Amino acid sequence: MSLTLSIPFERYTQAFADTLAMVGASAGIAFVAGIPLAVLLIVTAPGGFLASPRVHRSLGSVVNGFRATPFIVLLVALIPFTRMVTGTTIGVWAAIVPLAISATPFFARIAEVSLREVDPGLIEAAQAMGCRKWHIVWHVYLPEALPGIVGGFTITLVALISSSAMAGAVGAGGLGDLAIRYGYQRFDTQVMLIVIAVLIALVSLVQFSGDRWVRWLRSR
Amino acid sequence: MTTAAPRPSLWRTVAGPAPQRPATAGASPSTPVHDLPPTQPARRQEGATGLTGTVAFDRVAKVYDSSAGPVPALEGISLGIPAGSIFGIIGRSGAGKSSLLRTINRLESPTSGRVLVDGVDIAALDDDGLVALRRRIGMIFQHFNLLSAKTVYDNVALPLRVAGVRPAEVHRRVEELLALVGLQDKHRTFPARLSGGQKQRVGIARALATGPEILLCDEATSALDPETTHSILQLLRDINRRLGITVILITHEMSVIREIADQVLVLEQGRIAELGEVWQVFGAPQHDATRALLAPLQHGLPDDLQARLRPEPPATGTYQRILRLGYTGADGLEPDFARIATALQSPVRLVHGGIDRIRGHAQGRLLLSVPGAVALPPLSSLVQGPGAIAHSIEVIGHVADVEHSL
């Protein structure tokens, strides 16, 4: 007995590719923007080597603002900005902008926690050996916090896979959109089950790889 | 065995030809560095300004702001530390040792007063000047503060890399430094896999990487066991002798000071309690804080003897007088039992006590017993002049003879 697919197989591969593109691109942006944001939050905090309550507080407020807004609301609220950046408000690229903007503060907060746990004695040792500020960030803060940052990035990826399901609202496609349109609106249980299985496999793979990486980093 | 290596000529300078190091393949990694054959005592650079590596404090004070108001940590500290010496700072917890040490490389800034390194007021340095100063001052820590994400090699290489030293030069110097601290086989190891003593050796190698003239040691042996402490102190002394680096260490253990320091500063509640040559301070402590810190090292009165000791001789029966002889280490006066017996005109018995030699000065306290039947000469005549047998003598009590049933 062979399985008969209710929709063409290409729909699945296309949706899978769309999800990967959205999650991959927005995670990349979140990583590149989130790390400096987290570093800024740390070094401007009281006791940091660029301590500045005003900068720290305003950065914190911006981060909190984006963290407080539900993604589906952000998706719509950001439409004018998305159009400005990508020239369009529908499709994969239109989804990447709000996904990245919602993931960046999320990841920055997690990275901030890992950076804050770096032993202050190490910072002192680096200062004593003649490290400049950016040396301390590059050689002490980031490598020492790396296991926590990798773990936090794994969590961010999983959250992004989940958020990307809502991107169908702007016609971006992806696995979540497939499940809503076929599984829910057309009562196609087969599509629903396959999509859920694929998402579970994807999330498990991401989590497993992240955990392995963190364990390897910590075992050194 | 390790061959006599020519002194690396580049401890201080970054440029110059690489010295030919003989193969050290036969060197056992466990070979303590201080067993290396003595070589030229120092390669200290003597320029127009004379020796480098002096530190001077001029009325240094530090006040911390706390929620309960200002808390003074240091007050009126003025002293000079000569180049090439080993200078110990000791005090109880909260005495301000750490704050004082940290003002030398400006990890902390004094509230008032000046800190001068080689005559330069370091408060006036800008960012570049401060970085340059810190490259001339190495520092090691109680908890080692090694970067866990970097290998031993990369930890030692870091100060050189951030100073912009060429990779080939970095490699050569890291090899040299790891050989110096006896860890030449640990290049690729991460700090988590090292013992405490090995971690501190990495810390020392890292602190020496930029060829500093001053090495600050912040409770460097307080987290180590006695044996490892001894080997680390020997390494520090060896480095001080061979490289001529001024070593400034803080500790709460007098035994550390006794083992390696030349001069000692006793801090008490942020003020100078006592300052001087170690043998002088140990031999004749002037301040209560010093005596309290010295107490664990001294041969006090044993409890059983204390219990039997009476201020007056017993009314009946024979008894022993207990004499305490003190030696401060001055004038080369040492306990000479033949002379003591002659001077007291009596047989003497050593009951308790001990003598330590600090930088060649014998000091300590001896408890002697002298039969009560013997009349003692005036004790004051025994502590001065050519006939002196000790720096101080006193009768601390009398003990009745026990009837032995032998």
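Good morning, colleagues. The model is predicted, so local features need pLDDT of at least 70 and side-chain atom pairs count only at pLDDT 80 or more, while totals for chains, interfaces and linings use all residues. Residues are numbered from 1 along each chain as its sequence is written, with chains lettered from A and ligands numbered from 1 in the order in which they are written.

I begin with chain A. Helices (H or I, at least four residues) and strands (E, at least two) are DSSP runs, numbered from the N terminus. Helix H8 (residues 175–184) of chain A packs with helix H9 (residues 189–218) of chain A at an angle of about 160°, their axes being 8 Å apart. Axes are lines fitted to C-alpha atoms, for helices over the stretch in contact, and angles run from 0 to 180 degrees between N-to-C directions. H8(A) is therefore roughly antiparallel to H9(A), a term for angles over 145 degrees. Among the residues of H8(A) that meet H9(A) are Leu178(A) and Tyr182(A), and those of H9(A) include Val195(A) and Leu199(A); contact requires C-beta atoms, placed from the backbone, within 7 Å. By class, the contact of H8(A) with H9(A) has 9 nonpolar, 2 polar and no charged residues. Here Ala, Val, Leu, Ile, Met, Phe, Trp, Tyr, Cys and Pro count as nonpolar, Asp, Glu, Lys and Arg as charged, and the others, Gly among them, as polar.

The axes of H6(A) and H7(A) come within 10 Å and cross at roughly 155°, which makes H6(A) roughly antiparallel to H7(A). Leu122(A), Ile123(A) and Ala126(A) of H6(A) make this contact with residues of H7(A), including His135(A) and Glu144(A).

Which helices of chain A supply at least two residues each to the side that touches chain B? In the contact between the chains, 17 residues of chain A meet 21 residues of chain B. Helix H6 (120–128) and helix H7 (133–163) of chain A are the helices in question. That side of chain A has 8 nonpolar, 5 polar and 4 charged residues.

Finally, chain B holds an open sheet of 6 strands in the order S6-S7-S8-S3-S9-S10, with mixed pairing; strands pair if DSSP finds at least two bridges between them. Strands S6 (137–141) and S10 (271–277) of chain B stand at the edges with a single partner strand each, so one side of each is left without a neighbour in the sheet. Strand S3 (residues 86–91) of chain B runs parallel to strand S9 (residues 263–268) of chain B, joined by 5 bridges; Ile89(B) has Leu265(B) as its bridge partner in S9(B).

Technical notes. Contact = placed C-beta atoms within 7 Å. Parallel < 35°, antiparallel > 145°, perpendicular 65-115°, else oblique.
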